[in-house]
Amino acid sequence: MPDRHTVPESLPRMRVAIRYLVLAWLCLAAALAYGQRFLLGLCATLVQADLALSDQAMGWVMGAFFITYAAFQIPGGWLASRWGSRAALAACVAGCSLSTTMTGAAFGAASLFLLRSVIGIGQAGIFPASTATIARWFPRTERAMASGLLTGFMSAGGAAALACGGWLLKHEYVGWRSAFVLVGVPGIAWAVGFYAWFRNRPEEHKSVRAAELATIQAGSDEPGSRDVVTEPTPWLALATSIPMWLIAMQQFFRAAGYALFASWFPKYLQEMYGSSIEAAGFLTSIAVVAVAIGSPVGGAFSDWLLARTGSRQLSRKGTAIVTMFLCAGLFLAAGLASGAQTAIVLITAANFFGAVAGPVAYAITIDMGGRHVPTVFSIMNMAGNIGAAAFPVVVGILVQWSERWDWIPLFMAGIYVTGAVFWLALDTRGTVFENSEASAVD
């Protein structure tokens with residue numbers, strides 16, 4: 001009986017490797033998730049007026065997503081390890097999409113807080129499962145590229161929701177409630193289609209050819225990391241690992257900075273520069289598009305550098321440090337700029353360089369996660385989303401106290417400088433377990 005991965009020469013050769021179709025599914029899920037995440041920031045003014053919410057109350061509603069998203073990262077990583085990416089991704093995308101659709105029926109701060117919390121729970125498993133999928137389906141020198149495209153589509157989804165939402169919301173017949181329904185329903189369809197087509201491992205997918213399977217397996221530095229893990233997670237080793245803490249803390253500050261664009265930035269533009277809601281949506285989408293471009297550029301550059309030098313220190317750590325300092329400098333310049341146009345151009349450029357570090361952080365969890373990639377990623381992402389949860393709450397309190405918005409770019413510069421310092425301290429050689437006090441290592 002012929003091997004199922006062997007295709008007779010008489011048949012036409014497939015032009016697209018199956019792993020890139022897998023990546024396309026993951027990227028679409030990321031875009032849908034970030035569209036759901038960003039929409040509330042654009043609608044904030046309308047929601048506040050309709051439901052009579054103060055800035056401080058709205059800050060808590062915006063933070064609700066990030067609170068549960070952070071809290072459920074480790075359970076989400078565990079779910080991806082135990083169920084496999086196929087079931088975990090389908091369940092998580094369906095759950096958060098249903099809650100997004102139901103947001104259109106919110107009637108006050110409590111219901112909004114609850115629904116945003118449920119969306120956070122649903123989305124918590126998406127990216128640990130996606131990272132585990134990249135670890136299983138991609139060789140070492142393609143992981144940052146895949147992570148870069150994944151993170152790029154996150155921002156592309158957010159940008160699309162902002163730009164399209166801003167245009168739709170100017171029409172009287174499309175209110176903020178309808179906008180949430182329009183953004184939520186496609187995710188439910190995605191979950192059904194993905195579960196029907198995807199398989200956890202490339203060797204389980206009937207369309208994967210022998211040559212592609214050999215490329216994936218030969219290019220992996222950690223073959224065991226592609227397996228669904230059934231052994232106990234070494235929690236003590238993770239809790240006492242200095243590299244794990246440094247990876248988590250750089251993400252805390254980097255994600256906190258990015259949370260500006262999923263929360264207060266549209267209102268910042270309205271309050272600081274008098275932008276209309278349509279203009280604020282468009283300008284925020286432009287800043288987020290810079291992330292959508294910077295992420296795949298950063299991933300491709302980091303993989304290119306890794307392939308040529310073989311050095312994680314240079315390709316991962318070096319890329320992140322340089323670009324995060326550049327990001328901080330551009331935010332500082334934006335805070336000192338005299339005109340709105342100059343400030344927005346500088347903030348957009350800052351977002352580009354900040355985005356380059358995103359796929360590098362994803363890739364380092366795969367490089368250093370050993371057989372526990374979903375868990376290592378989920379710990380990093382949990383720390384990031386604690387920062388992201390704190391950001392809108394802190395900004396809401398400070399804005400209400402100061403009654404000013406002009407300090408925000410300077411605050412952002414400080415956030416990115418601090419994140420770069422944690423990268424400076426990280427030794428990217430080996431795994432996160434090898435430098436722990438309790439090395440129950442792989």
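1. Helices (H or I, at least four residues) are DSSP runs numbered from the N terminus. Helix 16 is mostly covered, with 21 of its 30 residues buried. Here buried denotes under 20% relative accessible area, exposed over 50%, and partly exposed the range in between (1.4 Å probe, protein chains only). Just after helix 16, Glu403 adopts a positive phi of about 55°.

2. The model is predicted: local features need pLDDT of at least 70, side-chain atom pairs count only at pLDDT 80 or more, and totals for chains, interfaces and linings use all residues. Residues are numbered from 1 along each chain as its sequence is written, and side-chain values use heavy atoms, with hydrogens and water left out.

3. The structure contains six salt bridges, a salt bridge being a side-chain nitrogen of Lys or Arg within 4 Å of a carboxyl oxygen of Asp or Glu. One of them pairs Glu142 with Arg19, with 3.0 Å between the closest N and O atoms. Glu142 sits in the loop between helix 6 (126-137) and helix 7 (143-169), and Arg19 in helix 1 (residues 18-51), so this pair ties together parts 123 residues apart in sequence. Glu142 is buried, at 15% relative accessible area, and Arg19 is buried as well, at 7%.

4. Another salt bridge joins Arg143 to Asp367, where the closest N and O atoms are 3.9 Å apart. This pair links distant parts of the chain, with Arg143 in helix 7 and Asp367 in helix 15 (residues 340-368), 224 residues apart. Both Arg143 and Asp367 are buried.

5. Asp367 also forms a salt bridge with Arg316, at 2.8 Å between the closest N and O atoms. Asp367 lies in helix 15 and Arg316 in helix 14 (residues 312-336), so the pair ties together parts that are 51 residues apart in sequence. The relative accessible area is 1% for Asp367, which is buried, and 0% for Arg316, which is also buried. Through salt bridges that share partners, Arg143, Asp303, Arg316 and Asp367 are joined into one network.

6. Grid points are joined across faces, edges and corners, and a volume is the space filled by probe spheres set on the points. Three cavities of 30 Å³ or more are found in the whole structure. The largest cavity has a volume of about 320 Å³. Its lining comprises 25 residues, of which Tyr34, Met154, Arg254, Ala255 and Tyr258 lie nearest the centre. Elements giving two or more residues to this lining are helix 1, helix 2 (55-71), helix 7, helix 11 (242-258), helix 13 (277-309), helix 15 and helix 16. Helix 15 supplies the largest share, five residues.

7. A pocket, by contrast, is an open set with protein on both sides within 12 Å along at least five of seven lines. The largest pocket holds about 230 Å³ of space. Among its 14 lining residues, Gly35, Ala160, Ala161, Leu182 and Val183 are the closest to its centre. Helix 1, helix 7 and helix 8 (176-197) each give two or more residues to the lining, and helix 7 provides the largest share, six residues.

8. Helix 7 also contains Leu149. Leu149 counts as partly exposed, at 30% relative accessibility. The C-alpha atoms of Leu149 and Leu23 are 8.2 Å apart, although these residues are separated by 126 residues along the chain.

9. On the surface, Phe325, Val417, Val421 and Leu424 form a nonpolar patch with about 310 Å² of accessible area together. Patches consist of residues with over 30% relative accessible area and no salt bridge; like charges are joined within 9 Å, and nonpolar side chains (Val, Leu, Ile, Met, Phe, Trp, Tyr) within 5 Å. Accessible areas come from the Shrake-Rupley method with a 1.4 Å probe; for residues, only the protein chains shown count as cover. Helix 17 (residues 408-425) gives the most to the patch, three residues. Val417 belongs to helix 17 and, at 33% relative accessibility, counts as partly exposed.

How values were computed
1 Å grid on protein atoms, 1.4 Å probe; cavity = no way out; pocket = protein on both sides within 12 Å on 5 of 7 lines; lining within 4 Å.
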